[in-house]
Amino acid sequence: MEAFTRFTNQTQGQERLFRVAQYTCMLLRYLLEPKADKEKVVMKLKELESGVSTGRKWFRLGSVVHAVQATEQSVHTTDLVPRLCLMLANLNRVVYFICDTVLWVRSVGLASGINKEKWRMWAACHYYYFLLLNLVRDLYELSLQMEQVARDKANREQSPSQDPLGCSVADEETEWLQSCLLLLFRSLRKHPPLLLDTVKNLCDILNPLAQLGICKSNAGIIGLGGLVSSLVGIVTVAWPHMKLKTH
């Protein structure tokens, strides 16, 4: 209860709740659209989705400041690869929030001359690069974790008290694949924040991939991905120790 109270008191936490509602509406709308007797429900869900999306923009108005601060903080990251990835990712995030603000200004009628489609594509493009760079950072962190797990496993096998592994597989390629998958599973299980961050970025990137025409998708897949990503975001806001840290 304390974690939930702390979560709802944060603007970021409130935005995550709106995000859950938005993508839940999108997913439900996709599931109900083929049914002829659900037209009114689908229209209500579409209106609610649009209203929640507009509400989310209010929460994101000051996000550009936080993105700039995150860019400044990433400069102090010790490791070169995460530092470059985070710096470039956060710079793209700054531009994305600027584009998002411009789109909000047009949506409320403050500037009708703005080319909505052009700014929407710019926003999607920079959001895509932001997520892609975060995924590169996740893969780098994952490779370090897998290397550490493999090193620990090798040390245990060299111990005289440890029985040698009596498993033999005829197909060497299958054995190699199984070993890699097992190593991946153990690495992610040992580092839950890395697992959550990777899942979140993979789910989030579905939307800009579809907007930019890189990969075809539908509202159901995007809605499901957005819902999973939002739930992961809620976990990391309510329990900060589950957020992937930079060193």
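## An aromatic cluster and a cavity among helices

Tyr-96, Phe-97, Tyr-127 and Phe-130 come together in one aromatic cluster. The model is predicted. This report starts with the cluster, then turns to the whole chain and to a cavity.

**The aromatic rings**

The structure contains 5 aromatic pairs. Two of them share Tyr-96. In the pair with Phe-97, the ring centres of Tyr-96 and Phe-97 are 5.2 Å apart and the planes make 50 degrees, a tilted arrangement. Tyr-96 and Phe-97 are both buried. In the pair with Tyr-127, the ring centres lie 4.9 Å apart. The planes of Tyr-96 and Tyr-127 meet at 25 degrees, so this pair is stacked. The cut-off matters here: planes under 30 degrees apart count as stacked.

| Pair | Centre to centre | Angle between planes | Type |
|---|---|---|---|
| Tyr-96 and Phe-97 | 5.2 Å | 50 degrees | tilted |
| Tyr-96 and Tyr-127 | 4.9 Å | 25 degrees | stacked |

Which helices does the pair of Tyr-96 and Tyr-127 link? Tyr-96 sits in helix α5 (residues 80-107), and Tyr-127 sits in helix α6 (residues 116-158).

Are Tyr-96 and Tyr-127 buried or exposed? Tyr-96 has a relative accessible area of 14%, so Tyr-96 is buried. Tyr-127 has 16% relative accessibility and therefore also counts as buried. Both values fall under the 20% limit for a buried residue.

**The chain as a whole**

What is the chain built from? Its secondary structure consists of 10 helices and 0 strands. Along the sequence, the pattern reads α-α-α-α-α-α-α-α-α-α. The chain has 247 residues, and buried residues make up 36% of them.

Contacts also reach across the sequence. Take those between residues at least 6 apart: 73% of them join residues at least 24 apart. The accessible surface of the chain is about 15100 Å². Carbon and sulfur atoms account for 62% of that surface.

**The cavity**

How many cavities of 30 Å³ or more does the whole structure hold? A search finds 1. The largest cavity has a volume of about 30 Å³. Its lining consists of Arg-19, Tyr-23, Cys-203, Asp-204, Asn-207, Ile-222 and Gly-226.

Three helices each supply at least two residues of this lining: α2 (11-32), α8 (192-204) and α10 (219-238). By type, the lining residues split into 3 nonpolar, 2 polar and 2 charged.

Conventions
Residues are numbered from 1 along each chain as its sequence is written. This is a predicted model: local features need pLDDT of at least 70, side-chain atom pairs count only at pLDDT 80 or more; totals for chains, interfaces and linings use all residues. Side-chain values use heavy atoms; hydrogens and water are left out. On a 1 Å grid over the protein atoms alone, a cavity is a set of points where a 1.4 Å probe fits but cannot get out, and a pocket is an open set with protein on both sides within 12 Å along at least five of seven lines; lining residues have an atom within 4 Å of a point. Grid points are joined across faces, edges and corners, and a volume is the space filled by probe spheres set on the points. Helices (H or I, at least four residues) and strands (E, at least two) are DSSP runs, numbered from the N terminus. Ala, Val, Leu, Ile, Met, Phe, Trp, Tyr, Cys and Pro count as nonpolar, Asp, Glu, Lys and Arg as charged, and the others, Gly among them, as polar. Rings of Phe, Tyr and Trp (its six-membered ring) pair if their centres lie within 6.5 Å; planes under 30 degrees apart count as stacked, over 60 as edge-to-face and the rest as tilted. Buried means under 20% relative accessible area, exposed over 50%, partly exposed in between (1.4 Å probe, protein chains only). Contact means heavy atoms within 4.5 Å. Accessible areas come from the Shrake-Rupley method with a 1.4 Å probe; for residues, only the protein chains shown count as cover.
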